[in-house]
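Student: Can we go through the contacts in this one? I'd like to start inside one chain and then move on to the partner chain.
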Amino acid sequence: MNNAQIEIQLIAVIVAAACAIPGVFLVLRRMALLSDAISHAILLGIVLAFFVVQDLTSPFLIIAAAATGLLTVYLVEMLNRSKLVREDAAIGLVFPVLFSIGVILISRFAGDVHLDIDAVLLGELAFAPFSRFEIAGTDLGPRALWLMGGILIINLTLIIVFFKELKLVSFDPGLASALGVSPVAIHYLLMSQVSVTAVGAFDAVGSVLVVALMIAPPATAYLLTDSLPRMIVYSVLIGMAGALSGYWVAHSLDVSIAGCMAGMSGVLFAVAFALAPRRGLLAQALRRRRQKWEFAIAMLVIHLFTHEDLPEAESECRVDHLTEHLAWSESFARQVVERTVDSDSAVLEGPLLRLTDSGRAMAREAIVSWAPQG
Amino acid sequence: MSLFEVLQSLISDYTIRTVALGSATLGIVSGALGAFAVLRRQSLLGDAISHTALPGVALAFLLTGSRLPLTLMIGAGIAGWIGTLAVMAIVRRSRIKQDSALGMVLAVFFGIGLVLMTYVQRTPDAGKAGLDKFLFGQASTLMTRDVWTMGSIAGVALIVLFLFWKEFKLLAFDQEFGTSMGFPMRIIDILLTTLLVAAIIVGLQTVGVVLMSAMVVAPAAAARQWTDRLGLMVVLSALFGALAGVSGAVLSSLTDRLPTGPTIVLCISAVVLLSFLFAPNRGLVYNWLHGFRKRRNLAMDSVLLDLLELADQHGSRRHPHSPDALRSMSGNPLAVDKTLAELHQLGWVVRTEPGLWRLTAEGELQANRRLQELEVTR
């Protein structure tokens, strides 16, 4: 690995971590698509600020772009409040307008500068090390590294300082305002974070892939844990893993790094979606299978329990009667009987099934727990 | 170029005519199907579908080596459809909500699409393969053949929409009722979504993947302001879509360095803005005027009733009163003079001497009528 490669990976990892932190709250608050809107709309802010200051590295660009991000959020809310359209349509109306104006301005007036449309949409991480941060002629490393590092630190600080408020507003906005925490203030705090992060990440990964880095790792983490602090940590780690693996896939195929980072975050999500303990597809299928047998065994012991020691027990408690009484197929009935006998809940005496003590206890318990409450 | 010349070139100029036909087609079909997306609160599904189409376009080119729009559209359609199913599966089978699922699928597929695009660009015979125009659209590259392809897909989509009108209406307004009536609502849902996918791929070449979502949301959002009837809304939405599509596309192909997709988006957004402002019953200006008129009527009623009350207290209907007395009774003293002037114009009050007012016979009639109305509602 040469120096540039290390720098690119560092930037990728830091971008991913910085994006994942506000992303957690976007996912929890069901506002994921606002990140899509913001990341598109900030283009207009960048372009307008660029026309004024004529310098792509000016911090003024970041301020203007973040302001456009907040403007987007405000416009969406205003439209939503006017009741003319619902929130989803409001988002879908606002950001295309701002983005379109930005794109038209670029192609009309700024065609020759570095600000071209491809870079806006796709970013180019591979070029990030070329733009250096220098003080008094000393090279301190890539500019993007400093910028995103700063944003990451700000995001971390804000999350730690306002953790309680963010948590409260995300899970119970009503209680939050009753306790004197303004949901609106916290909302705009979070949206400012999303805007600033999106602007910073814009250069490196482009406007669409910011969305992938903000949403996919938190969504993946959401499948793995129920604790908010853990979800934040997992999101950051998953984002970093996606960034690093994405970099190496891109390196070996010689394709877009940002695209691969997004792709790998998708792959990580797919793995969690399929295999997550408790919530993954596999775990769901296994649980359903286990429940099917548990239920069938419970049905059988309850059936035996209600008929045992009664005159009709001779006919009711026969194995071959189960197909009729419980509407089970013959092979299914045979398997249930086998499992019931294996679990020592009943014993087979010729054609008849007889409950054991533990089977009787199980039946009683099942009847009590399934009985209608009250 | 004057308006007349533009109209003339619409008919005579081959390129302009093709562009106009193509963009009208895409506007109609995305407008019509967008109406359902907006009503079902799935406005942003269009965003997801159009972004997920990108890897499909790139893969279709990689696999077949063909740049035929039909091939690329089929690729886009399959990818968009898979993306949609992925969103549905994620929402159904995990606790991830719709918004996160949409955002993630959109961005991840788009990322994969970019990877494939950069890969395509490196293959020797590709050059840029004209694939990049799928990002922002380029109406001027439309050819008659493309318009035929778009028209056929759009036609089939609209016919299916017409055939299953009742079912789709049910889906949009009361899905549970549909289920209880025995309609296979999930299949109908998938069918409608498939039509939306078709509508979106029709527009990709002209508007581009990034902004195609606006063509799904905006015409419908505008049409919604003008009517409460589904049929009319779909027709209006298609009309708005076609109008914006044609004007945007023609404008962009006549102007240098004006990308088509963004231009169309600005056109349709102008329609949306006008609708938000001026639509009857819902528009902001309408509501403002309505509120203004209401406030004025209220002010007039209260002054009338106050005058009647004063007259009763003095035992004579002919007794005039000063505006000061009325001001002290009014909830909005500042408006009393203006209201008196308005009532005067109607001939309901009259000034007996400078600064003193009383009801006319007509005014007394009106005031008594208001009084009765108030008592009835009480």
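Tutor: This is a predicted model. The area buried between domain 1 of chain A and domain 2 of chain A is about 310 Å², and carbon and sulfur atoms give 42% of that area.

Student: Which residues supply that area on the domain 1 side?
Tutor: Ala274(A), Arg278(A) and Arg279(A) supply 75% of what domain 1 of chain A buries against domain 2 of chain A, more than any other three residues.

Student: Where are the domain bounds, and how many Å separate the centres?
Tutor: Domain 1 of chain A covers 3–279 and domain 2 covers 282–370. Their centres, taken over C-alpha atoms, are 56 Å apart. The contact takes 6 residues from domain 1 and 4 residues from domain 2.

Student: How many salt bridges or polar contacts between those domains?
Tutor: The rule finds 0 salt bridges there, but 3 residue pairs are in polar contact. The domain 1 side has 4 nonpolar, no polar and 2 charged residues.

Student: OK, chain B now. How much area is buried between chain A and chain B?
Tutor: About 4800 Å², with 70% from carbon and sulfur atoms. In that interface, 59 residues of chain A are in contact with 56 residues of chain B.

Student: Which side chains make the salt bridge?
Tutor: Asp226(A) and Arg95(B), at 2.7 Å, N to O.

Student: Which element gives the largest share of chain A's side?
Tutor: H4(A), with 15 residues. By class, the side of chain A that touches chain B has 37 nonpolar, 11 polar and 11 charged residues.

Methods:
Residues numbered from 1 in each chain as written. Chains lettered and ligands numbered in written order. Predicted model: local features only at pLDDT ≥ 70, side-chain atom pairs only at ≥ 80, totals over all residues. Heavy atoms only, no water. Domains from an automatic or database assignment. Contact = heavy atoms within 4.5 Å. Buried area = accessible area lost by both parts, 1.4 Å probe. Salt bridge = Lys/Arg side-chain N within 4 Å of Asp/Glu carboxyl O. Polar contact = N/O pair within 3.5 Å; in protein donor to acceptor, adjacent residues only side chain to side chain. Nonpolar A, V, L, I, M, F, W, Y, C, P; charged D, E, K, R; others polar. Helix = DSSP H or I, 4+ residues; strand = E, 2+ residues; numbered from the N terminus.
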